Amino acid sequence: MKCARNGFIALMFFFLTAAAASADDGSIGKIGVGFEGMKYGNLITGVSTCSWILNRFGFEGNVFYGKVKCSYSEETITGDLWEVEPKVMVAIFVNQNSRFYAGAKLGYGRFGFEASDLSKHKGVFNPGVLIGTEFSFSELPELGFNFEFGYSRNLYKIEGIKITIDGTSVAGGIHYYF
């Protein structure tokens, strides 16, 4: 089973990089700055930068902050979460004003909360995969809107605490490209 999964990943990588190698270079040098919001159990928002190379390879960096609910013992508590999240993306389909892409991310952040008998601040790792689309209007091509769906797995260990920031996620953002 593990061999089949690795073979599938290698095959997908081959097809994605082959498609990217034949891409035109319509957006070389564009850097976008904007906003990104993500919902996965809780809503977190933040600032974002994005850049596309050869119109097919993209990099994005997000800094998120939000209040998240979690359960501790039998009470629901709210804590603070900040997260830095770099992404690598490959556009599978590119049209004049849109692109459809797949990618991977690795978030790192800190979660802090105070409960009746406990105060904790803990680092969290949040790797994941995503698919999404980015589009712009022909009258305003420097403004890009993106929507993503993904799956994240939160890697943290705080005994007795359940934080809902993993699983299926949906994100949306807007970037102004310079």
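**Exercise 1. Find which side chain Glu 134 meets in a salt bridge, and where the two residues lie.**

Step 1. Glu 134 meets the side chain of Arg 99 in a salt bridge, at 2.8 Å from N to O. A salt bridge here is a side-chain nitrogen of Lys or Arg within 4 Å of a carboxyl oxygen of Asp or Glu.

Step 2. Glu 134 is in strand 6 (residues 118-137) and Arg 99 in strand 5, so the pair links distant parts of the chain, 35 residues apart. Strands are DSSP runs of E with at least two residues, numbered from the N terminus.

Step 3. Glu 134 and Arg 99 are both buried. Buried means under 20% relative accessible area, exposed over 50%, and partly exposed in between (1.4 Å probe, protein chains only).

The model is predicted: local features need pLDDT of at least 70 and side-chain atom pairs count only at pLDDT 80 or more, while totals for chains, interfaces and linings use all residues. Residues are numbered from 1 along each chain as its sequence is written, and side-chain values use heavy atoms, with hydrogens and water left out.

**Exercise 2. State how many salt bridges there are, and describe the one between Lys 87 and Glu 36.**

Step 1. The count comes to 7 salt bridges.

Step 2. In the pair of Lys 87 and Glu 36, the closest N and O atoms are 3.6 Å apart. Lys 87 belongs to strand 4 and Glu 36 to strand 1 (residues 31-40), so this pair ties together parts that are 51 residues apart in sequence.

Step 3. Lys 87 and Glu 36 are both buried.

**Exercise 3. Decide whether Asp 80 and Lys 67 are buried, partly exposed or exposed.**

Step 1. Asp 80 and Lys 67 form a salt bridge, with 2.7 Å between the closest N and O atoms. Asp 80 lies in strand 4 and Lys 67 in strand 3, so the pair ties together parts 13 residues apart in sequence.

Step 2. Asp 80 has 30% relative accessibility, so Asp 80 counts as partly exposed. Lys 67 has 52%, so Lys 67 counts as exposed.

**Exercise 4. Locate Val 47 and say whether Val 47 is buried or exposed.**

Step 1. Val 47 sits in strand 2 (residues 42-53).

Step 2. The relative accessible area of Val 47 is 55%, so Val 47 is exposed.

Terms used: Helix = DSSP H or I, 4+ residues; strand = E, 2+ residues; numbered from the N terminus.
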